[in-house]
Amino acid sequence: QVQLVESGGGLVQPGGSLRLSCVASGSIFIINAMGWYREAPGHQRELVARITGGGSTTYAASVKGRFTISRDNAKNTVHLQMNSLKPEDTAVYYCNTDGTASASGYYNVLWGQGTQVTVSS
């Protein structure tokens, strides 16, 4: 009943920018935290950025200063603005929620299907 749908991925040259979006659909009352994770080939899924309901943010050291996470609570949406992209940023990016209360129940963790980001010349 609750789904996360990502969008905005694609192919971009080094130094370019992309803006990822994730919408949580369903009869949602509140989402505690939302975040972005990424998984590159041969690597474990890692946290990229996280934002709490109160707006506190956390970033991986590798993206700090280049990426910005934000959320629109009214729309149950989280965004990831990615600037100065590097080839090392190439990965599948997944949207995540932690602590979602909805009409269908309470969900500790939810994941989107992922969106591919490729940084290459």
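The largest nonpolar core in this predicted model has 29 residues. Those with the most contacts inside the core are Trp36, Val48, Phe67, Val78, Leu80, Met82 and Tyr93.

Leaving aside residues up to four places away in sequence, Leu80 touches Leu18, Arg19, Leu20, Trp36, Val48, Ala49, Phe67, Thr68, Ile69 and Tyr93.

Now to the rings. A search of the whole structure turns up one aromatic pair. The partners are Tyr37 and Trp111, with ring centres 5.0 Å apart and planes at 70°, so this pair is edge-to-face. Tyr37 sits in strand 4 and Trp111 in strand 10, 74 residues apart, and the pair links these distant parts of the chain. As for Trp111, its relative accessibility is 37%, so it counts as partly exposed.

Trp111 has another neighbour to show you: the charged end of Arg45 sits over its ring, 4.6 Å from the centre. Arg45 also lies over the face of Tyr94, at 3.8 Å from that ring's centre.

Finally, some backbone. Most residues other than glycine have a negative phi. Now look at Asn76, in the loop between strand 7 and strand 8: its phi is positive, about 50°. Ser84, in the loop between strand 8 and strand 9, also has a positive phi of about 50°. Are these two buried or exposed? Asn76 is buried, with a relative accessible area of 16%, while Ser84 is partly exposed, at 40%.

Technical notes:
Residues are numbered from 1 along each chain as its sequence is written. This is a predicted model: local features need pLDDT of at least 70, side-chain atom pairs count only at pLDDT 80 or more; totals for chains, interfaces and linings use all residues. Side-chain values use heavy atoms; hydrogens and water are left out. A nonpolar core is a set of buried Ala, Val, Leu, Ile, Met, Phe, Trp, Tyr and Cys residues joined through side-chain atoms within 4.5 Å. Buried means under 20% relative accessible area, exposed over 50%, partly exposed in between (1.4 Å probe, protein chains only). Contact means heavy atoms within 4.5 Å. Helices (H or I, at least four residues) and strands (E, at least two) are DSSP runs, numbered from the N terminus. Rings of Phe, Tyr and Trp (its six-membered ring) pair if their centres lie within 6.5 Å; planes under 30 degrees apart count as stacked, over 60 as edge-to-face and the rest as tilted. A charge sits over a ring if NZ of Lys or CZ of Arg is within 6 Å of the ring centre and within 35 degrees of the ring normal.
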